Amino acid sequence: MQPPGIPVSAINEPLRVSGKYFRAGEEVCFVKAVTFGPFPAGVFPDEGRMELRRIREELGANAIRLYELPTLDFMHDCAELEIRVFITLPWTQHIDFLNQRSAIVEADQQLIETVRKFRGHPALAGYFVANEIETTLVRWMRPKRVIKQIERMIALGKANDPDALFAYANYPSTEYLLPSNQDFVAFNLYLESPETLGAYLARLQNLAGNLPLLITEFGSDSKSHGELTQAGMLEWHLEEACRSGVAGTTIFSWSDLWRRGGKEIVGWDFGLTRRDHSAKPSLEVVREKWTPVVRPGDVLDVDGLPSISVVICTYRGSATLVECLDSLEDLDYPDYEVVVVNDSSDQRVEEISLSYEYVRLFQMPHEGLSSARNIGAAEAKGEIIVYIDDDCRAELDWLKWIGIQFRQRPGLGCAGGPNIPPSSENIRQAVIAAAPGGPTHVLLTDNTAEHLPGCNLAVRKKVLEEVGGFNERFWTAGDDVDFCWRVIDAGYDLGFHPAAFVWHHRRFTMRAFVRQQIGYGRAETMLTLLHQERFGECGATSWRGRVYDSGAPGGQTVYHGRYGYEPFQLVYEVPGSGIRDLSLHIGWWAGIVATAVVGGFFWPSSIVAALMLIITAVESRRRAVMARLEPAYDSPRARWWLAWLILLQGAVRSGARLRFGWRKVNPFRGVGAAFHALGRKLMSGWWKLGIERTFWSEEGIGRDQLLEAVLKAFPGAMDDESGATDIIVKDSLFWNWAVVTVTEFHGDGKQLTRLRLLARPKILTRVLALLTILLIPAAVTMGIFGEINILILLLAIYLVGHGVARMYMWLKRPRLSELARSVGLKSS
């Protein structure tokens, strides 16, 4: 649906996501944006439309970011000047909006009206459904609930405009807010050295996964640093942004004229233009720096890059080989060759390869993938050998990002990047692409890997020869894992760069996917014999790094810092409960069948089987919900199909490991480890008491003053080092007491402070609670056997125990309202 009345548009293709980049049509579009407004009232009576031509012609920007809703006339002018517009929805985000129904309703209404108004407009680049929700407020509302709200708003936006792009404009203090359905990852950044920026962008690129990373704010205050320093900072920012392979960046801001909360900001000057509209030196610096950039790789210096041999090992892969060779024909790299190894001397592969003049073809009888890799290496002329699969497609700058890694890190043995599935042609392909178990990298740090898949694996030829090449025992899978581990054991690092990605087709049918998982399971068994120290009790690989997989188990923990003020609140991966992994194992299914059979003779066993089955179903559904599905195919049907495929994948792969290597697996130790992890899970975390208070101030008094008073008023009170709460108030026999607070800012010194009192049970209390909870199944069992009196007694014990515990907690709670009043806060 095209908005009416668009006189002229210089924008022919909408912006779309394509791997780690944006594209307009088939061409990569590096976003060169600047923030525009909000301006003080009366400065630009025409919404600043007269400034748009300067932005396009003097600055050379191709996009702007707005913080207020534009008019259609403004959007028309942008379309005429070939300026794309990112719109930030300006709803109320500085309060506990999850408990303010009116704020959610207002946000939804604004979102729907805005999306419908601009649907199909050529100038529309995308929407930010929220911007920098304050970190202590996120901690208060709890990150998972905030993420769900953002995801809900994105889903609502997509329902009203399926073709538009949606994201959340994040910042380092809440880097863990990563909605699963956003189209790209966006971050506002203010870092004051190129080294810090480069390191943090590498981290953000990996958090972004297969999505583009867009910097949505970066600026420098010329009032504090001076105009020349500002220009220098923006120069190295653009260099680092491109070297990190981001999809674009946004300079904050166009003008020193800026408004916040209805008032003009005069304490800083972030603009590229002064308050009198004249240009600063930084405007010319930015224009010169980003004008030649079409793709991020354009800034890379190709002098001194090593020669490269691209090796394709194919076994009857003619169906996808043409697409692969087409992509390799015109790579932007000074010195490379392409070698095709035809494993089994397939006639069609031979015909296709010989039709490309630049390809060197080598024939061989069918001897397996590792043997083909070794033959390709032996015939290669380059210093670096880069392996790519026949069902992959390379990006134009792919080899640049590979070669740069070897030039910058002399001690590097191997290098690589992501392999991203291309757009699916049907729902089956989309579900398979989202399923776990595909080829993926494993990272030790943001630029160092433990494993690089063989579909995108580069190695120095001398290192390959030093470690003895690929182990020819591996015919179809596992060769790359064994090779990477041997390279690491030889003292070399594996480099990784997120921009060095290739497009890699996943399996096209369910049957092919199942065969792949059986092959992976068998390969893991072979790897166990060679690398026993790298495998767990149930036969699964025990990685030291992080597995980048949409279906990977586990979760996250966040370090919030003292009182939630940590500026970089990093996300740390934590393992799953153990039971979650075990519930998808073939041995778990054997347990379900066994207990169900026993249930035919002893009925309580049937309850155990049913509970085990429920746990498995819930876990597969949980992983299916967490996985990223292509928006075009995301539906309840697809999610249920994915849940079924997760069940199948877990059973098939673990079954293959057991079938081919059952002598090496100790299932009982694996089960023990799982239940031990579950026990730790049950004994951790804060249990909410349910007591919340709000306090009001019109004199600028907030949580900092209240927390200072709490520390003084309670002997033994201490800051919570974990940052999960603010202060541990007092320690008792049964509970630790803690408080968590947040302050909402309502302008002119008006502040609303919220306080939540939490009680964390001690070990003794938790054991007693767990034993009490066990009374419920015991009571049900007694009731089924007809022991009604015992049933009533056990339930009564549970209810009374629960009620007494709650009452005891209530009576022993710390009193904080009077303390709040003593610092000038009023109960609200």
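**View 1. Lys223 and its partner Asp269 in a salt bridge.** Lys223 is partly exposed, with a relative accessible area of 45%. Please keep in mind that this is a predicted model. The side chain of Lys223 meets that of Asp269 in a salt bridge, at 4.0 Å from N to O. This pair links distant parts of the chain, 46 residues apart: Lys223 belongs to helix H7 (residues 222–225), while Asp269 sits in the loop between strand S13 (263–264) and helix H9 (281–290).

**View 2. Arg274 reaching Glu227.** Here is another salt bridge, in which the closest N and O atoms of Arg274 and Glu227 are 2.9 Å apart. Arg274 lies in the loop between S13 and H9, and Glu227 lies in helix H8 (residues 227–243), so the pair ties together parts that are 47 residues apart in sequence. Arg274 is partly exposed, with a relative accessible area of 25%. Glu227 is partly exposed too, at 26% relative accessibility.

View 3. Arg287 and Glu284 bring their side chains together in a salt bridge of 2.6 Å, N to O. The two residues are 3 apart in helix H9, which puts about one helical turn between them. An α-helix has 3.6 residues a turn, so residues three or four places apart point the same way. Arg287 counts as partly exposed at 27% relative accessibility, and Glu284 is partly exposed with a relative accessible area of 34%.

**View 4. A network of salt bridges.** Arg23, Arg295, Asp332, Glu395, Asp397 and Lys400 are linked through salt bridges into a network.

**View 5. Leu59 in the largest nonpolar core.** This core has 82 residues, and Ile55, Leu59, Ile64, Ile133 and Leu189 touch the most other members. Setting aside neighbours within four places in sequence, Leu59 is in contact with Val34, Arg54, Trp254, Leu272, Leu283, Val286, Arg287 and Trp290. A second, separate core has 40 residues, among them Val310, Cys324, Ala394 and Val502.

**View 6. Helix H5 and its cover.** Helix H5 runs over residues 143–160, and its 18 residues should span 26 Å at 1.5 Å a residue; the end C-alpha atoms are 26 Å apart, which agrees. Buried residues of H5 include Val146, Ile147, Ile150, Met153 and Ile154. Gln149, Glu151, Lys158 and Asn160 are buried in this helix as well. The cover over the buried residues of H5 includes helix H3 (101–118), strand S7 (124–131), helix H4 (135–141) and strand S8 (166–170).

**View 7. Gln516 in helix H17.** Gln516 belongs to helix H17 (residues 510–530). With a relative accessible area of 11%, Gln516 is buried. Apart from neighbours within four places in sequence, Gln516 is in contact with Gly437, Pro439 and Arg507.

**View 8. A nonpolar patch on the surface.** Val593, Val597, Val598, Phe601 and Phe602 make up this patch, and together they have about 550 Å² of accessible area. One of these residues, Val598, is found in helix H19 (residues 586–599). Val598 counts as partly exposed, at 41% relative accessibility.

Technical notes: Residues are numbered from 1 along each chain as its sequence is written. This is a predicted model: local features need pLDDT of at least 70, side-chain atom pairs count only at pLDDT 80 or more; totals for chains, interfaces and linings use all residues. Side-chain values use heavy atoms; hydrogens and water are left out. Patches are made of residues with over 30% relative accessible area and no salt bridge: like charges are joined within 9 Å, nonpolar side chains (Val, Leu, Ile, Met, Phe, Trp, Tyr) within 5 Å. Accessible areas come from the Shrake-Rupley method with a 1.4 Å probe; for residues, only the protein chains shown count as cover. Helices (H or I, at least four residues) and strands (E, at least two) are DSSP runs, numbered from the N terminus. Buried means under 20% relative accessible area, exposed over 50%, partly exposed in between (1.4 Å probe, protein chains only). The expected span of a helix is 1.5 Å times one less than its number of residues. Contact means heavy atoms within 4.5 Å. A nonpolar core is a set of buried Ala, Val, Leu, Ile, Met, Phe, Trp, Tyr and Cys residues joined through side-chain atoms within 4.5 Å.
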